Amino acid sequence: MYKIVTLLLLSLLSPLSFSFGGLGHELVCDIAWREMNDNSRAEVIKILKHTRYATFAESCVWADSIRENNDYKHLKPFHYVNVEKSATKVISGAVCENKGCVVDAIAAYSKVLAGDTLTAREQGHYSSRRHEALMLLSHFTGDVHQPLHVSYALDWGGNKIKVRYQGHNTNLHNVWDSGLINDGIQAPWREAGAELAEEITDTDRTAWHEPSPLVWANESLAITRSIYLTLPNRGNPKKLKEDYFNSHFNTLHTRILMAGFRLARSLDRVLNQPPAPVETPTSVTP
């Protein structure tokens with residue numbers, strides 16, 4: 001079983017060095033790989049031949065690796081969705097019209113993988129290359145399940161909220177992107193992914209079957225609202241409680257499992273459609 005860090009080990013934790021775009025996304029996609037059907041795995045293998053990645057899990061970090069590449073800067077808003085601080089619900093369209101957001105991006109890249117035609121507006125926003133659509137859909141499915149990717153523009157999804165967590169000065173977003181997961185998963189992604197996937201039960205599969213990215217976003221918003229309610233009122237940085245990991249890791253752990261399962265089901269749906277031809281690939285190296 002992967003190692004859940006106990007209070008006795010908290011003082012020995014490694015620095016906050018990885019993002020959810022690394023270990024977290026590899027775990028989500030490794031779980032999905034194990035949950036998807038054989039036809040989907042075969043199609044993913046075929047599509048990955050048009051990328052530089054040897055495994056599906058590793059391809060899921062591509063969307064973060066190209067953030068500073070000018071050819072892909074338009075993708076930045078697709079990693080998240082912002083709402084007003086007073087909002088209790090994400091309403092698609094109302095928050096995604098101008099630059100796009102994670103909810104609409106998931107829908108668009110699902111269409112690309114299924115071989116469906118994008119609308120004129122979508123064609124101006126989203127890549128029609130299937131190998132890019134696979135990597136982006138998979139990455140953004142992970143993003144929308146990380147609560148603080150469904151958050152508030154005012155503080156950049158918690159990036160502007162300085163906190164002290166386990167002896168490190170960081171920010172709230174980084175705690176949820178990397179701090180909790182690196183403290184709770186003490187194994188390489190392949191080993192940890194296998195163990196996490198074994199935790200998913202048939203009861204979970206029934207409970208998590210919801211296919212709508214908008215519903216996933218609203219689940220994350222509800223968690224985000226509870227995260228903000230438990231923040232200290234004072235301090236810069238705000239000192240998180242000593243039991244913050246123990247109080248919140250299970251929530252993120254469950255979101256990773258849900259994201260992996262739901263990504264698998266999404267790929268089963270879209271890849272079992274008659275696929276559009278895969279174009280001669282352009283380089284995806286940043």
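Helix α5 is mostly covered, with eleven of its 13 residues buried; buried here means under 20% relative accessible area with a 1.4 Å probe, counting protein chains only. Helices such as this one are DSSP runs (H or I, at least four residues), strands are E runs of at least two, and both are numbered from the N terminus.

Before going on, a word on the model. It is predicted, so local features need pLDDT of at least 70 and side-chain atom pairs count only at pLDDT 80 or more, while totals for chains, interfaces and linings use all residues. Residues are numbered from 1 along each chain as its sequence is written, and side-chain values use heavy atoms, with hydrogens and water left out.

**Helix α5 and its surroundings**

Helix α5 covers residues 102-114 and reaches 18 Å from its first C-alpha to its last, close to the 18 Å expected at 1.5 Å a residue; the expected span is 1.5 Å times one less than the number of residues. Among the buried residues of α5 are V102, D104, Y109 and A114. Which elements do the buried residues of α5 pack against? They pack against α2 (38-48), β1 (81-83), α6 (120-125), α7 (130-145), α11 (213-229) and α12, where a contact means heavy atoms within 4.5 Å. Just after α5, G115 takes a positive phi of about 85°.

**Aromatic pairs**

Rings of Phe, Tyr and Trp (its six-membered ring) pair if their centres lie within 6.5 Å; planes under 30 degrees apart count as stacked, over 60 as edge-to-face and the rest as tilted. By this rule there are ten aromatic pairs. Here are two of them:

| Pair | Type | Centre to centre | Angle between planes |
|---|---|---|---|
| Y165 and Y244 | edge-to-face | 6.3 Å | 75° |
| F245 and F249 | stacked | 5.1 Å | 20° |

Y165 lies in strand β3 (residues 162-165) and Y244 in helix α12 (residues 244-271), so their pair ties together parts that are 79 residues apart in sequence. Both of these tyrosines, Y165 and Y244, are buried. F245 and F249 both sit in helix α12, four residues apart, about one turn of the helix, and both are buried. Elsewhere, ring pairs link F78, Y109, Y126 and F140 into a cluster; Y109 is also one of the buried residues of α5.

**The whole chain**

The chain has twelve helices and five strands, and 54% of its 286 residues count as buried. Of the contacts with a separation of 6 or more, 78% come from residues 24 or more positions apart.

Technical notes:
Buried < 20%, exposed > 50% of the residue type's maximum accessible area, 1.4 Å probe, protein only.
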